[in-house]
Protein chains: 2
Amino acid sequence: MMDNIPMIAAGAGLVGLVIAFMLYQQVNKVKIDNQKVAEITKEIQEGAMAFLVAEYKVLAIFVVVVGAALTQLNDMNTALAFFAGAFASVVAGFSGMRSATSANGRTTMAAKNDGKAGALAVSYNGGAVMGLSVGGLGLLGISLVAYWLGAGDANPDLSAAAGFGMGASSIALFARVGGGIYTKAADVGADLVGKVEAGIPEDDPRNPGVIADNVGDNVGDVAGMGADIFESFVGSIIAAMIIASSDGFGGAGFTGASDYIMMPIMLGLIGYVASIIGVFSMFVLKNGKDAAAALRNTTFIAAILFWAGGYFAINQNLIAVEIGVMHSVVLGSVVGIAIGLITEYYTGIEPVFGIKTKAIPHIGEMSKTGPATNAIAGLSVGMMSTFIPILLIAGGILGANYFGGDEYGLYCIAMAAMGMLATVGVTMTVDAYGPVADNAGGIAEMSGLGADVRAITDELDSIGNTTAAVGKGFAIGSAALTALALFAAYTAAITGDLDLTLTNPMVVIGLLIGGGLPFVVAAMTMTSVGKAAGEMVVEIRRQFKEIPGLLEGKEGVKPDSQLCVDISTKAALREMVGPGVVAVLAPVIVGMALGWDALGGLLAGSLVTGVLMALFMANAGGAWDNAKKAIEQGHIDGAKKGDAAHDAAVIGDTIGDPFKDTSGPSLNILIKLMSIVAVVLAGTGKLTQTGLL
Amino acid sequence: MMDNIPMIAAGAGLVGLVIAFMLYQQVNKVKIDNQKVAEITKEIQEGAMAFLVAEYKVLAIFVVVVGAALTQLNDMNTALAFFAGAFASVVAGFSGMRSATSANGRTTMAAKNDGKAGALAVSYNGGAVMGLSVGGLGLLGISLVAYWLGAGDANPDLSAAAGFGMGASSIALFARVGGGIYTKAADVGADLVGKVEAGIPEDDPRNPGVIADNVGDNVGDVAGMGADIFESFVGSIIAAMIIASSDGFGGAGFTGASDYIMMPIMLGLIGYVASIIGVFSMFVLKNGKDAAAALRNTTFIAAILFWAGGYFAINQNLIAVEIGVMHSVVLGSVVGIAIGLITEYYTGIEPVFGIKTKAIPHIGEMSKTGPATNAIAGLSVGMMSTFIPILLIAGGILGANYFGGDEYGLYCIAMAAMGMLATVGVTMTVDAYGPVADNAGGIAEMSGLGADVRAITDELDSIGNTTAAVGKGFAIGSAALTALALFAAYTAAITGDLDLTLTNPMVVIGLLIGGGLPFVVAAMTMTSVGKAAGEMVVEIRRQFKEIPGLLEGKEGVKPDSQLCVDISTKAALREMVGPGVVAVLAPVIVGMALGWDALGGLLAGSLVTGVLMALFMANAGGAWDNAKKAIEQGHIDGAKKGDAAHDAAVIGDTIGDPFKDTSGPSLNILIKLMSIVAVVLAGTGKLTQTGLL
C-alpha cells in the first residue's frame, strides 16, 4: 500500500483536474444574453489575461536565471523541481483566472435569469475551478516529485523537493505583489478621481479606471491568493517530508521514517478527496435559504471527512504513524478556524457567535472627529488584532509539540500546518468565490440591470466579504505554521554545525535583519501602490477633461479603459521586481556573508515580524473598510453616508487598501519564500559555517 | 585604586548634583518683567507640578505593591534596590521638570532683554539641570548599590542590582506612557478644535487647551525622556556588571573579573566628568554665531574627552581590561550618532551632510492627492526608515562581539550600549533643551511679544527639532543595545538549565508572544490618546460655545485652562496603568506558565519588534510633522499653507502625534522593563524550568 501512495495521490490530482475542467465547461454553458454584460465580461477577461501573459513573460526570465543559478550549484534535481514548481503554480493561476473571469458576468446573468440558487452555483463553481486546480496541481506535482526522488526508499535524499516549493513560492510572491499593486493602483486611482473629485458612484461606467479596477479584483484576489495558498500547501508537505527524512528523526535506531515521509502526501490525498466531495455537496446545498451557511457547510463537510479519513488511515494501519500526528492535524484546523473567527471579530460588522464586535463601532465613532482620529483608530485596531492570533499560533505550536513529544515535535508542527491546508480544494474554492460575486455585482451595476438582480448579487457579495476576511486570517495562520515548518526543515537539512542559540550574536544579528525585512517589503509595496495610483489619477483626470461629454454621461461617449489597464499592468510589472529580488536575495546574501547561524536567525526574525505585520495590515485594512460600510448602513449613530464622518471613513478605507490587499498579503509569501530559499541553500550543502561559498 | 571606584563615582555624582542645583539657581535669577509671561510660566509650572505629584501618588502604590512582592520572593536586597531605583528616577524627573518649566518663560525674557546668546544660555542651562541630574543620580545610585553589594569582592552576588534597574524602569514606563498620553491628548484636542474647527492659530491664548499643551511638552518630552534615558544608563551598567560577575566569564579559571565588573562604573564616572566639562563649554560657545553648532559641539567635546579618558584608564593600567572593551565603547557611540543622522535623513527637511532627503518631498508630493496618500506615504517612509538603523545595530553587535572575542563578546555588547550612554549628562541636556526652546516660543506667541523675540525663539526652537529627532534615534539605539545587554544578563543570571535554541518550541512560542507585545502596547497607548483627545475636544468645544466673547477675543475674557489640564491629567493617570501592568506582568506570567526558555524567547521577540516598531512610529511621526512644515515653508512646489495639500499634511501630522510622542517612545521602555523584570526573576532563582514557582 504505502509505496503506492504517491501514484494514487497523483492519480487523484489528475482526476480532480478533470473535474475542474468539467466545472469550467459548465460555467461556460451559462449564456450571456445581455450585450453590455457580454462587453464588460470580455473587457475584464481580456485585461486579466493580458496582464497574466505579460507577467509570466517577466517571470520566465526570472525563473530561467534562478534555475540556471541552481544548476550552477551543481544541483540539477533541485533546478528541475524548481521549474516544475514554478510551472505548476503558473498553470494553477492561469486556470483559476480564466474560470473566475468567465464566471463573473455569468453569475450576473444567472442572478437575472435563474435567481439566487443559480447565481450561487455559478459563482461557487467558478471558484471551485480555482480550488480544485490549486489542490490538484499541488498534489500531482508534489507526488510526482516524491516518487521521482524515491521518497518511499530507506533514507531518501529529498532535499531537491525544496526546489519545487521554491518555484511555487517565487511565482507566488510576484503574483501577490504584482496583483496587489495592479488592483490597488486601479482601485485607489479610480476612487480618488471618480468618487472624491468628480462625485460619481463607485463602478460607474463613465470612470475610465473601473475596468482596470475589476480586472484588478481578479488579478489580486484570485490569482494572487491562489498562488499564495498553492505554495503554503506544497510548502507544508515538503517541510514535513524533509523533517521526517533527516538524520536522527524519531530517535536513535528509528526505522519507521518512511511512513512519516509519506504521511503528508497521504493527508493531501485524503484532504483532496474530501474537498471534491465538499465541492459537490453544493449541488444540494445551493437550494437552501441561507447562502452563507451553504458555503460554510461545504468546507465543514470536507473538514470532517478529512479528519475521519486521517484517523481511519492510522487506526487501520494503512500507514504507521503515531496517533498524535492526527491530533496535531486537527489542532491545526481548529487554530486556523479560530484565527479566521478572530479576524471576523476585529474586522466585521456583525457579531461573531453572539459576541458584539467593538472595533468597528470604535473606528466609526472616531471618524466623527475627522480623518486623523479615524486613521489612529484603524491603526490601533489593526495592531491590537494581532495578539490573539499570535497566542493561537503559539498554542498550536505548544499542542503539536506536546502531541509529537521529543521525537516528532517539529514534525507535528508541520502537520498542524497540513491541518489548515489539506482541504485546500474547498477552502480555496470559497476564497475564489468572493471576488467572483463581487465582480458580478459590479457588472450588474455597470450594465444597469434591475434592483432585483442587484439584491441577489449584493447578498452574494456581502457573504464574500466575510469569507474573504476569514480566508485572509486562514492564509496568514497557515503561512506562519508553514514557514515555521520550513524553518525546522532548514535546521534538519543542514549537515554541518549549527548553533541557533539566542546568545550567539550571529543569531541575534540575523534576527534583527530578518525582522526588518517585512517592514522594508511593506514599505516598498505601499510606495509602489502610491506611485501607480498617482499615475492613474493623472490619466483619469485627463480623460474627464479631454473627452467631451464623458463626465456628463452623453449617449455613446465611452472612456478609454484600455489606457488605464495599461497603466496598472505596467506599474505592477515594474514594481513587483524590487520586493521579489529582496526576498530571494536576502537569505542568499546573509547566508553567504554571515553564515548558517545568521541565516537561521533571519528566518526566525522575519517569521515573527512578518506574521505580525501581515495580521496588522490585513486587519487594519479590513476594519477601515467595514467601518466605512457600517456608517453607510446606519450602524453608527450620528453618522451617515455623505457627512464629514463618512468622508473621514472613506479616507481610512483608502489608507487600508494597500494595507489589506498589497502589503499585508505579500508578507505571507515573503516569509515562506525566504524560508524555502534557505532550505534549498542548505540542501545544496555549499554554504560553510563561516559563510563563504 | 580599583576598590575606590564606586566611592569616587558616587562623589562625582554628588558634585554633579550640586552643579545642577547651582545652574538651576542661575536660571531662576533671570527676571521675568512681563506680566503675561509671568502668568503663563506660572500656569505651566503649576500644571506640570500638579501632574507630577498626582502621578507619583499613583506610582507610590505601584512601587509599594511590587516591592512587597519582591520581599515575598524572600529577596530583601532586590526590594531595597528597587525602592532606591524608583526613588532616584522620581527625583531626577522632578528636578528636571522643575528646572525646565522655570526656564521656559525665562528663555523668552532672555530673548527679549539679552538677545540670542542669553536665550541660548538660559534654555541650555535649563536642560543641563535635567542632564546633570539624570547622570548624577544614576551614577550616585548605581555606585552606592555596587558598593553595598560588594562589587569589588571576589565572586560578588550582584543580582540584587537588577532591582535598582527595575525600579528605574517601572517609573520610566509610567512616566513615558503617562506623559505621552498627557501631551498628545492636549495637543491633538487643542489642534482639532482650535486650528481645524475654529480656524485660530496654534498657541492662541483663546484656546482653553493651550496651557495643557504646553504643560504636556514638559511632561512628555522632559520628564518622560529623562526617565527613559535614566533607565537605559543604569540598565546598561547593571547588565555589564551582571555579565562580568557570572560563572565562567572570561573563560575557565579567569580571575580578573573584578576589573570588568568595575569598568562600567569607571566609564560612567569618566563620561560624567566629560559631560560636566561639555556643559560648561557652553559658557564660551554660546557667543558664537551658529547656535546649532554650539549645541553639537558641547556633546562632541564630552564624547572626545570620554573616549580619551577611557583609553587612558586602560593604557595606564588604572583598570585591567582588554583594550577591545574601549573599542566597543567607541563603536557604540559611532552607531548611536549614525542612527541619529539616519533619523534626521528620514525625518528632516535639510540635507544631512549634503545628502538630500527624499522622504519629506515624497510625503509632500503625496499630500497633493489628499490625506489618504499622505498617510500611506508617511507610513511607508516610517517602515523603510527602520532598516538602516537595524543594520547599524547589527553592525554594532557584530563589531562588539569581534572586539570581545569568545570570552568577552556579550560583555562588549553591553559596553557598546555604554558608549551611547556614558555621556548622558550632556546628551540629555541637549534633549531637554529642545522642549524648553519650544515652550519659550509658545510663551512669546501667547504673550504677544515682538517679532524680534519670536525670531530668536523660532531659531532656537528649530534647532531643538533637529536635536529632538537625533535624540529619539539615539534613545532607540541605546534602548536596543541595553535590552540586548539585559537579555545577556538574563541568560547569565540563570543558574539552572537554559535551552535558548530556536528549534526549541518553547523559545519559538516566547518569540511570537514577545513579538506581539509591542503591537499591543502601541495599540493601547494610541487608543488612549484618541480617547483622551476626544474628551478634550468636547471640553474645548463647550468653552467656545458657553463662554461669551471667548472666541471673539473680547478683552478680559479668559478660557478655563485648568479644566483642560485636569482632563489631560486624569486621562494620563487612568490610561498609563494598563500598559504598565502588561509590561510588568507579561514576563512574570510567561515565565511562570512556560518557563525560562519561553521567557528568553519573549525577551528576544519583544526586542526585535519593539525596536522596529519604535523606529517605525517615531520616524513616521517625525516625517509627517516635517512634511507639513516643508509645505508651510514653501519647500514643496505647488503646495502652500492653507491649500488642500497642506490640509492633508496637517492630518498626517496629527496621525503622527501619538506615533512619535506616545506609542513609539513607550516601546523603548517596554523592552527594557521586560528584560530587567526577567533578570530580577532569574536572580531570585525561584523559577524552575518547568515554569511553576
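**Exercise 1. At what angle do helix α17 (residues 577-594) of chain A and helix α19 (residues 644-684) of chain A pack, and how far apart are their axes?**

Before the solution, note that this is a predicted model in which local features need pLDDT of at least 70 and side-chain atom pairs count only at pLDDT 80 or more, while totals for chains, interfaces and linings use all residues. Residues are numbered from 1 along each chain as its sequence is written, chains are lettered from A and ligands numbered from 1 in the order in which they are written, and side-chain values use heavy atoms, with hydrogens and water left out.

Step 1. The helices are DSSP runs (H or I, at least four residues), numbered from the N terminus, and axes are lines fitted to C-alpha atoms over the stretch in contact, with angles from 0 to 180 degrees between N-to-C directions. The angle between α17(A) and α19(A) is about 40 degrees, and their axes are 9 Å apart.

Step 2. Angles under 35 degrees count as roughly parallel, over 145 as roughly antiparallel, 65 to 115 as roughly perpendicular and the rest as oblique; α17(A) and α19(A) are therefore oblique to each other.

Step 3. The crossing is right-handed, a term for a near helix turned clockwise from the far one by less than a right angle, with anticlockwise giving left-handed.

Step 4. Contact means heavy atoms within 4.5 Å. On α17(A) it is made by A:A583, A:V584, A:A586, A:P587 and A:V588, and on α19(A) by A:L670, A:L673, A:M674, A:V677 and A:L681.

Step 5. With Ala, Val, Leu, Ile, Met, Phe, Trp, Tyr, Cys and Pro taken as nonpolar, Asp, Glu, Lys and Arg as charged, and the others, Gly among them, as polar, this contact of α17(A) with α19(A) has 10 nonpolar, no polar and no charged residues.

**Exercise 2. Describe how α9 (residues 291-315) and α14 (residues 424-446) of chain B pack.**

Step 1. The two axes come within 9 Å and cross at roughly 165 degrees, which makes α9(B) roughly antiparallel to α14(B).

Step 2. The crossing of α9(B) and α14(B) is left-handed. Its contact residues are B:L295, B:T298, B:T299 and B:A302 of α9(B), together with B:V426, B:V430 and B:Y433 of α14(B).

Step 3. By class, the contact of α9(B) with α14(B) has 5 nonpolar, 2 polar and no charged residues.

**Exercise 3. Which residues touch the most other members of the largest nonpolar core?**

Step 1. A nonpolar core is a set of buried (under 20% relative accessible area) Ala, Val, Leu, Ile, Met, Phe, Trp, Tyr and Cys residues joined through side-chain atoms within 4.5 Å.

Step 2. The largest core has 530 residues, and A:Y411 and B:Y411 touch the most other members.

Step 3. Leaving aside neighbours within four places in sequence, the contacts of A:Y411 include A:A240, A:F249, A:Y260 and A:V325.

**Exercise 4. Locate A:N155 and B:N317, and state the phi and exposure of each.**

Step 1. A:N155 lies in the loop between α4 (115-148) and α5 (161-198) of chain A, and its phi is near 45 degrees.

Step 2. B:N317 lies in the loop between α9 and α10 (323-347) of chain B, with a positive phi of about 60 degrees.

Step 3. Most residues other than glycine have a negative phi.

Step 4. Exposed means over 50% relative accessible area, with a 1.4 Å probe and protein chains only; A:N155, at 75%, counts as exposed, and B:N317, at 62%, is exposed.

How values were computed
Helix = DSSP H or I, 4+ residues; strand = E, 2+ residues; numbered from the N terminus.
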